[in-house]
Amino acid sequence: FPSHDTLLFSSFALVLGTVLGLLLSVVAVRHQWPGIFFILASIVPSFLIGGFVFLMFDRGGAETPAFANNLNFGSFLLAYKLPLIALTLINTMVFAAHNQTWILAETLRPFFQTALAKGLNPMQALCRHALRAALPLMLTFFVQRLPLLLSGTVVIEVMFGIPGFGRLAWLAVLENDQPLVLGCLLISALAGWASVYLNSLISKNNISYR
């Protein structure tokens with residue numbers, strides 16, 4: 001099924017982008033980097049990111065995704081390295097932009113200033129207090145982006161020729177295949193509903209993270 005390939009490389013890119021975005025946001029707050037950089041980077045269109053990846057990382061001769069279906073996980077990631085880099089860049093910038101804002105807001109609260117007054121250095125205070133206080137918002141945002149594992153890869157899959165869910169939906173629209181279009185929309189809607197449900201469960205237990 002086409003969604004198998006999509007879920008594999010988009011899930012890996014989402015997790016990697018989340019981790020990198022978190023690290024970048026902590027460093028940005030610690031060194032007081034202007035938040036506008038991540039905000040602008042996070043709104044760069046996917047096709048521009050894909051074009052940048054083509055120019056910077058495509059050296060030719062790599063195995064194309066069309067022949068990567070039966071490979072093991074490591075070889076699969078290597079075969080999909082270009083779309084992986086593109087999606088990871090997108091996720092990293094999006095998470096870094098949001099996380100920096102949330103963490104910075106927590107550093108202005110009295111508990112953070114109290115932690116500094118008690119002798120913690122700024123990085124310790126960030127990791128132990130500000131980051132922990134911002135965790136519910138980060139987790140909620142992560143869950144909200146889960147439906148994009150399927151529906152958010154259309155542009156990247158079309159650009160890199162990946163036989164996944166996004167490209168399938170795009171081809172269905174071009175060929176006016178209404179049943180297939182409706183099926184793709186239904187799957188995307190179900191993924192969105194599941195995300196909203198998980199988000200509601202997390203929101204009810206936010207108090208446990210503080």
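These exercises, each with a worked solution, explore a predicted model.

**Exercise 1. The overall build**

Task: Find how many helices and strands the protein has, and state how its elements run from the N terminus on.

Solution: 
- Start with the count. The protein holds 11 helices and 0 strands.
- The elements run α-α-α-α-α-α-α-α-α-α-α.
- Turn to burial. Of the 210 residues, 37% count as buried.
- End with contacts. Take those between residues at least 6 apart in sequence: 76% of them join residues at least 24 apart.

**Exercise 2. A nonpolar patch**

Task: Work out which residues make the nonpolar surface patch of about 590 Å², and which helix gives the largest share of the patch.

Solution: 
- List the members. They are Phe12, Val15, Leu16, Val19, Leu20, Leu23 and Phe73.
- Assign the share. Helix 1, residues 2-30, supplies 6 residues, the largest share.
- Check one member. Leu20 sits in helix 1.
- Leu20 has 35% relative accessibility, so it counts as partly exposed, the class between 20% and 50%.

**Exercise 3. A residue facing helix 1**

Task: Decide whether Thr92 is buried or exposed, and name the residues it contacts beyond its neighbours within four places in sequence.

Solution: 
- Thr92 belongs to helix 5, residues 81-107.
- Apply the cut-off. Buried means under 20% relative accessible area. Thr92 has 5% relative accessibility, so Thr92 is buried.
- Read off the contacts. Setting aside those sequence neighbours, Thr92 touches Gly17, Leu20, Gly21 and Leu24.
- Link back to the patch. Leu20, one of these contacts, is also a patch member.

**Exercise 4. Charge pairing**

Task: Find how many salt bridges the whole structure has, and say which residue pairs with Arg109.

Solution: 
- Side chains of opposite charge can pair when their charged atoms come close.
- Count. The search of the whole structure gives 1 salt bridge.
- Name the partner. Arg109 pairs with Glu106, and their closest N and O atoms are 2.9 Å apart.
- Compare the two ends. Arg109 is partly exposed at 42% relative accessibility, whereas Glu106 is buried at 5%.

**Exercise 5. Cysteines**

Solution: 
- Recall the bond. A disulfide is a covalent link between the sulfur atoms of two cysteines.

**Exercise 6. Aromatic rings**

Task: Give the number of aromatic pairs, then say how the rings of Trp102 and Phe141 are arranged.

Solution: 
- Count. There are 7 aromatic pairs.
- Judge the geometry. The ring centres of Trp102 and Phe141 lie 5.8 Å apart, and the planes meet at 75°. Planes over 60 degrees apart count as edge-to-face, so this pair is edge-to-face.
- Locate both rings. Trp102 is in helix 5 and Phe141 is in helix 7, residues 122-144, so the pair ties together parts 39 residues apart in sequence.
- Check burial. Trp102 is buried at 19% relative accessibility. Phe141 is buried at 11%.
- Widen the view. Phe95, Trp102, Phe141 and Phe142 make up one aromatic cluster.

Methods:
Residues are numbered from 1 along each chain as its sequence is written. This is a predicted model: local features need pLDDT of at least 70, side-chain atom pairs count only at pLDDT 80 or more; totals for chains, interfaces and linings use all residues. Side-chain values use heavy atoms; hydrogens and water are left out. Patches are made of residues with over 30% relative accessible area and no salt bridge: like charges are joined within 9 Å, nonpolar side chains (Val, Leu, Ile, Met, Phe, Trp, Tyr) within 5 Å. Accessible areas come from the Shrake-Rupley method with a 1.4 Å probe; for residues, only the protein chains shown count as cover. A salt bridge is a side-chain nitrogen of Lys or Arg within 4 Å of a carboxyl oxygen of Asp or Glu. Helices (H or I, at least four residues) and strands (E, at least two) are DSSP runs, numbered from the N terminus. Buried means under 20% relative accessible area, exposed over 50%, partly exposed in between (1.4 Å probe, protein chains only). Contact means heavy atoms within 4.5 Å. Rings of Phe, Tyr and Trp (its six-membered ring) pair if their centres lie within 6.5 Å; planes under 30 degrees apart count as stacked, over 60 as edge-to-face and the rest as tilted.
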